[in-house]
Amino acid sequence: MGITLRVITMGNFRECLALKLEPGQKNFVASNLYSLAEAKADGISVPPAVYSGETMVGFVMYWYDEENKYGHIERLMMDRRHQRKGYGRAAMVEVIERLKENPGIREIEVSFEHDNVGADRLYASLGFERTGQTTDDGDETITKLKIE
Ligand SMILES: CC(C)(COP(=O)(O)OP(=O)(O)OC[C@H]1O[C@@H](n2cnc3c(N)ncnc32)[C@H](O)[C@@H]1OP(=O)(O)O)[C@@H](O)C(=O)NCCC(=O)NCCS
């Protein structure tokens, strides 16, 4: 499933804010508005849109911790009209490849709400393993992908 990741600019940020989830998914991920503001403020997160051809289908955000040599995938969402088409998996694969370009990277971390079955299955199928830990607020299961 071919996707590309493209920088959010003045030309496409409104489209990114208009991407929608199913009503039952809203607690699974922060809004794209919040994420773009956070990326602007923290200066480390990379927040590209996910495209299939010329159609924006989703959004992802990730960062790399150079000191501790690990990557973190902070957000992933596919518009409700474009879910279950393989785009989420393809976006994850692309972000993993990008993070692996950092010399010496040891692992990539991603977490999800305990009842987020879709995310759980997707990450497990890519090799992410549960660490037994949860996020500080206790709401999310932490998983890690070891990089050889
Ligand atoms: C999680 C999400 C990004 C997956 O994106 P997607 O493009 O729909 O996923 P894909 O089509 O690539 O599916 C990959 C695999 O994930 C799993 N999966 C995805 N959605 C699922 C669902 N609703 N129920 C069960 N499994 C699901 C399946 O194992 C699927 O493989 P399959 O289709 O061969 O069975 C998308 O469902 C989404 O945006 N959810 C709401 C936001 C969210 O939960 N983000 C993650 C926060 S941690």
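## Ligand shell

The ligand is surrounded by 21 residues, of which the closest are Leu76, Arg84, Gly86, Gly88 and Asn116; a residue counts as near a molecule if one of its heavy atoms lies within 4 Å of it. This is a predicted model, in which local features need pLDDT of at least 70 and side-chain atom pairs count only at pLDDT 80 or more, while totals for chains, interfaces and linings use all residues. Residues are numbered from 1 along each chain as its sequence is written, and side-chain values use heavy atoms, with hydrogens and water left out.

Strand E4 (70–78), H3, strand E5 (107–113) and helix H4 (117–125) each contribute at least two residues to the shell. H4 gives the largest share, four residues. Helices (H or I, at least four residues) and strands (E, at least two) are DSSP runs, numbered from the N terminus.

## Ligand contacts and pocket

The side chain of Asn116 has an N or O atom 2.7 Å from a ligand oxygen. For Met78 a backbone N or O atom is 2.8 Å from a ligand oxygen, and for Lys85 a backbone N or O atom is 3.2 Å from one. The ligand taken alone exposes 900 Å², and the protein buries 80% of that; accessible areas come from the Shrake-Rupley method with a 1.4 Å probe, and for residues only the protein chains shown count as cover.

The ligand sits in the largest pocket. On a 1 Å grid over the protein atoms alone, a pocket is an open set of points where a 1.4 Å probe fits, with protein on both sides within 12 Å along at least five of seven lines. A molecule sits in a pocket if more than half of its atoms lie within 2 Å of the grid points of the pocket.

## Salt bridges

There are eleven salt bridges in the structure, each a side-chain nitrogen of Lys or Arg within 4 Å of a carboxyl oxygen of Asp or Glu. One network of them links Glu107, Glu109, Lys144 and Lys146.

Arg98 pairs with Glu94, the closest N and O atoms being 3.7 Å apart. These two are four residues apart in helix H3 (residues 87–100), which means that about one helical turn separates them. Glu74 bridges to Arg75 at 3.4 Å between the closest N and O atoms. Arg75 is buried, at 10% relative accessible area, whereas Glu74 is partly exposed at 28%; buried means under 20%, exposed over 50%, and partly exposed in between (1.4 Å probe, protein chains only).

## Positive phi in two loops

Most residues other than glycine have a negative phi. Lys69, in the loop between strand E3 (55–65) and E4, has a positive phi near 60°. Lys69 is partly exposed at 25% relative accessibility and forms a salt bridge with Glu66, with 2.6 Å between the closest N and O atoms.

Arg84 also has a positive phi, near 60°. Arg84 is in the loop between E4 and H3 and is exposed, at 85% relative accessibility.

## Thr141 and His114

Thr141 belongs to strand E7 (residues 140–146) and is buried, with a relative accessible area of 9%. The side chains of Thr141 and His114 are joined by a polar contact of 2.7 Å.

How values were computed
A polar contact is a pair of N or O atoms within 3.5 Å; within protein, one must be able to donate a hydrogen and the other to accept it, and residues adjacent in sequence count only if both atoms are side-chain atoms. On a 1 Å grid over the protein atoms alone, a cavity is a set of points where a 1.4 Å probe fits but cannot get out, and a pocket is an open set with protein on both sides within 12 Å along at least five of seven lines; lining residues have an atom within 4 Å of a point.
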